[in-house]
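Here is a friendly briefing to keep beside the structure while you look around. Please take a moment with the view below before reading on.

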Amino acid sequence: MIVCTRCGVNNPDEGRLCVSCGHKLQSMRSPGPEMQQKEFLSPLQSSGRGGKSLRALLWRCLEVWGVLVLMLGAAAWTLAEKRWEPGVALVGLAGVYAWLRRG
């Protein structure tokens, strides 16, 4: 029998809802042998280098924002001057920079 946690009425083992109040039943049965043999997850362990990885991430974000600002500035300058050659050169340089910084 499963006892309803809301109203305390006894319900059949097969029931999913309480016959009295309709509350969802939670089984109080002990786990079977197959559940007892499974290993539980171990707690998360800190690698001890959280500060270094966070610092590297912040520097990488700063680098990305810097490149983005430079590219937008170059695009604005290219549009203002109505010349496309410097814009193409800057996009090419940005591609080379990204290729060198990959990984």
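## Confidence and overall picture

This is a predicted model, with a mean pLDDT of 77 for the chain and 75% of its residues at 70 or more. Three helices and two strands make up its list of secondary structure elements.

- Confidence is highest in strand 2 (residues 10–11), at a mean of 88.
- At the other end of the scale, helix 1 (residues 33–37) has the lowest confidence in the chain, with a mean of 52.
- Where pLDDT is low, the predicted coordinates should not be read in detail.

**The chain as a whole**

- Following the sequence, the order of elements is β-β-α-α-α.
- Of the 103 residues in the chain, 10% are buried.
- The chain has an accessible surface of about 9,400 Å², and carbon and sulfur atoms account for 64% of that area.
- Among contacts with a separation of 6 or more, 12% join residues 24 or more positions apart.

- Helix 2 spans residues 50–81 and includes Leu-54.
- Leu-54 counts as partly exposed because its relative accessibility is 47%, which lies between the cut-offs of 20% for buried and 50% for exposed.
- Thr-78 also has its place in helix 2.
- Is Thr-78 buried or exposed? Its relative accessibility is 12%, so Thr-78 counts as buried, the cut-off being under 20%.
- Beyond its neighbours within four places in sequence, Thr-78 is in contact with Arg-83, Trp-84, Pro-86 and Gly-87.

- Lys-82 sits in the loop between helix 2 and helix 3, the latter covering residues 85–101.
- What is the phi of Lys-82? The angle is positive, at about 60°, although Lys-82 is not a glycine.
- Lys-82 counts as exposed because its relative accessibility reaches 74%, where exposed requires over 50%.

Conventions
Residues are numbered from 1 along each chain as its sequence is written. This is a predicted model: local features need pLDDT of at least 70, side-chain atom pairs count only at pLDDT 80 or more; totals for chains, interfaces and linings use all residues. Side-chain values use heavy atoms; hydrogens and water are left out. Helices (H or I, at least four residues) and strands (E, at least two) are DSSP runs, numbered from the N terminus. Buried means under 20% relative accessible area, exposed over 50%, partly exposed in between (1.4 Å probe, protein chains only). Contact means heavy atoms within 4.5 Å. Accessible areas come from the Shrake-Rupley method with a 1.4 Å probe; for residues, only the protein chains shown count as cover. pLDDT is the predictor's confidence in each residue, from 0 to 100.
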